[in-house]
Amino acid sequence: MSRLEAKKPSLCKSEPLVSESARAKLSVLKGIVTSCYGPSGRLKQLHNGLGGCVCTTSQSSALLGSLAITNPILKILTASVKNHVSCFSDCGLFTAILCCNLIENVQPLGLTPSVVIKLNKHLLSLCTNYLRSEACGCRIPVDFSNTQIFLCLVRSILSSKPACMLTRKEIDHVSALILRAFLLTIPESAGDHIILGKSIIVPLKGQRVTTSTVLPGLLIDMSEVELRKLLPIEKSSAHKVALFCVSLAGDFSDAGEGTVVVTGGASLENAVLDQLFHLGRQLVSDHVDLVLCQKVIHPSLKQFLSTHHITAVDRVGVALMEPLSKVTGATPIGTLGSVSPTSYGSVKDLCSANFGSKHFLHVIPDEATVCSLLLCNRNDTAWNELKLTCETALHALQLTMKEPWALLGGGCTETHLAAYIRHKAHNEAESIVKDNGCSPGELQLVADAFCCALESVAGSLEHDGGEVLTDLKYGHSWSVQADSPAVTSWPDSLSQCGCGLHNGQEELSWSFLRGTHHPFAPQACPPHSAVGSASILTLDCLTAKFSSLQVAVETASLILDLSYVIEDKN
């Protein structure tokens, strides 16, 4: 009998944020995510000490997914960020940086967590109400008749991921492809509710980025020999399609949803093969032209179908089943028994497509909202990062379709919001104090910590020792290089603000980020000016940024409210 160990008592820690160890770990995480932020963010290499692949990235999804975190506080923080990214794809680093800043900024204040949480919640509501209001000065409308705003949004996402290793020309090329792929997923005839299609990213590594392209329909990777056996198919009308999600290899262990009746003493393998041929005869009698199978088709069945001029393609994989169902209109068949005629679909044409050393069967639909984005990059690392970025950009376009507004990027939204909150906390202090049951001094401290946290996110975009300024009219973020001349020549040193909406030649005054200045109400730029200069704007997805702001504040409040951490050591 094996020896049993005595059960260890649970470890209980009070005030987990008070310890220097917890603060140091939070500071380390903040340093990691902050150094990754923005177009000039520093890359991180993640690898296992025992070997395996190396991941080079600056994206939160890849970064946090690869970190082994044991500290309970950091687990809460990273779980919140990962959950946000799983829903919205973008703004993961923003969420993590803002959450860390909010926690760190209030710790030296000596205020009770309840007061901080209550006031942070109120300040968050001021931010969210402002972002949703018509008076908001850091968002611009998205005009669906003009693609420039969409292109700016996609370019901004691609530019913020340096591990993709793209030149400006390549960013423009991939941005146009992503937008085209997105537009192909929008149905031509749509009612009140639009159901978007899907863009499938097809890998082609080791090729130039500018070789990337978008094709309507689906590309199925095949060998050149297999493709030559299948094509050409001489048929002028549409091709009738049967789509199987069950194995047609004769495996008795995978007979699908149906049943195979076997008499005593009979061979199981022969019985299943007879069933497959019975299925094949039905496909012939139903005039099916193309059989697509997620798994393997038995060679004898393949030969039988080929003699009856039916094209059979197997091993298409589970990832393509849903897109194939959309493209063909076929219902995946999960049985070896009789097939319902309503399960069949159709495609307009089948042809070959060759890119680099790869060969594809191109399934062209009659009218479908599925397309293939053939994505190229120089190596595996850059391609993996580019794939993640393209998925983020496509998701951002879908979110913008639901909520047609974009936020100003480059740190301008953060500094603009900070200026707005400072103005509100100064001008409406009496009502805020009364509503939240706090003192004016507590409001001032928490509001300043909240605004400094937002401004620190904007400051995190600077990685080369330069200074970050904010103008005292619009509240936008401006970056000054480390070797810039004296303060008196700022207009000459500042080419444009972070989002690209304003230039340094306007009659503006500036202050260092987190510098002392009187609170002011930041002005909004006229919408026509924003749209007019859309080709140079840096933008963020409003829906993703809105959610990330809420997640950061709520997660910080949760962590600040922790009194005990109980760990089971067994």
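Which residues of strand β9 lie on one side and which on the other, and are they buried or exposed?

Mentor: The model is a predicted one. Strand β9 covers residues 290-293, with L290 and L292 on one side and V291 and C293 on the other. These residues are all buried, and both faces of β9 are therefore covered: a residue counts as buried when its relative accessible area is under 20%. In a regular strand, side chains alternate between the two faces of the sheet.

Next come the neighbours of β9. Strand β8, residues 239-244, pairs with β9 in the parallel sense over four bridges. Within this pairing, L290 in β9 has V241 opposite. Strand β10, residues 311-313, also pairs with β9 in the parallel sense, over three bridges. Here L292 has V313 of β10 as its bridge partner. Between β9 and β10 the chain passes through helix α10, residues 299-307, and this β-α-β crossover is right-handed.

Strands β4, β15 and β19 form an open sheet in the order β4-β15-β19, with antiparallel pairing. β4 (139-141) and β19 (539-541) are at the edges with a single partner strand each, so one side of each has no neighbour in the sheet. From one strand to the next, the twist averages 40 degrees. Three bridges hold the antiparallel pairing of β4 with strand β15, residues 405-408. I140 has A406 in β15 as its bridge partner.

In soluble globular proteins, nonpolar side chains tend to be buried together. The largest nonpolar core here has 115 residues, and L77, L98, I103, I178 and L539 are the ones that touch the most other members. Helix α4, residues 92-106, gives the most to this core, with ten residues. L98, leaving aside residues up to four places away in sequence, touches A453, L454, V457, L549 and A552. Another core lies apart from the largest one; it has 23 residues, including I220, L227, M321 and A330.

Charged side chains make their own links, and there are 19 salt bridges in the count. One of them joins R42 and D464, with the closest N and O atoms 2.7 Å apart. This pair links distant parts of the chain, 422 residues apart: R42 is in the loop between α1 (20-36) and β2 (44-46), and D464 is in the loop between α15 (440-459) and β16 (467-471). R42 is partly exposed at 37% relative accessible area, while D464 is exposed at 51%.

A salt bridge also joins R378 and E170, where the closest N and O atoms are 2.5 Å apart. R378 is partly exposed, with a relative accessible area of 40%, whereas E170 counts as buried at 9%. K545 forms a salt bridge with D540, the closest N and O atoms being 2.8 Å apart. K545 is buried, its relative accessible area being 4%. Salt bridges with shared partners also join R155, R168 and D172 into one network.

The pair R378 and E170 comes up again around V209. V209 sits in the loop between β5 (198-205) and β6 (213-216), and V209 is buried, with a relative accessible area of 1%. Not counting residues up to four places away in sequence, V209 touches L166, E170, H173, V174, C376, N377 and R378. V209 and E567 are 358 residues apart in sequence, and their C-alpha atoms are 49 Å apart in space.

The whole protein gives these parts their setting. The protein has 18 helices and 20 strands. Along the principal axes, its C-alpha atoms fill a box of roughly 90 × 75 × 45 Å. Of the 570 residues in the protein, 50% are buried. Among contacts between residues at least 6 apart in sequence, 74% join residues at least 24 apart.

Notes:
Residues numbered from 1 in each chain as written. Predicted model: local features only at pLDDT ≥ 70, side-chain atom pairs only at ≥ 80, totals over all residues. Heavy atoms only, no water. Buried < 20%, exposed > 50% of the residue type's maximum accessible area, 1.4 Å probe, protein only. Helix = DSSP H or I, 4+ residues; strand = E, 2+ residues; numbered from the N terminus. Pairing = 2+ DSSP bridges. Right-handed = clockwise from strand over helix to strand, strands pointing away. Axes fitted to C-alpha atoms, helices over the stretch in contact; angles between N-to-C directions. Salt bridge = Lys/Arg side-chain N within 4 Å of Asp/Glu carboxyl O. Core = buried A, V, L, I, M, F, W, Y, C linked by side-chain atoms within 4.5 Å. Contact = heavy atoms within 4.5 Å.
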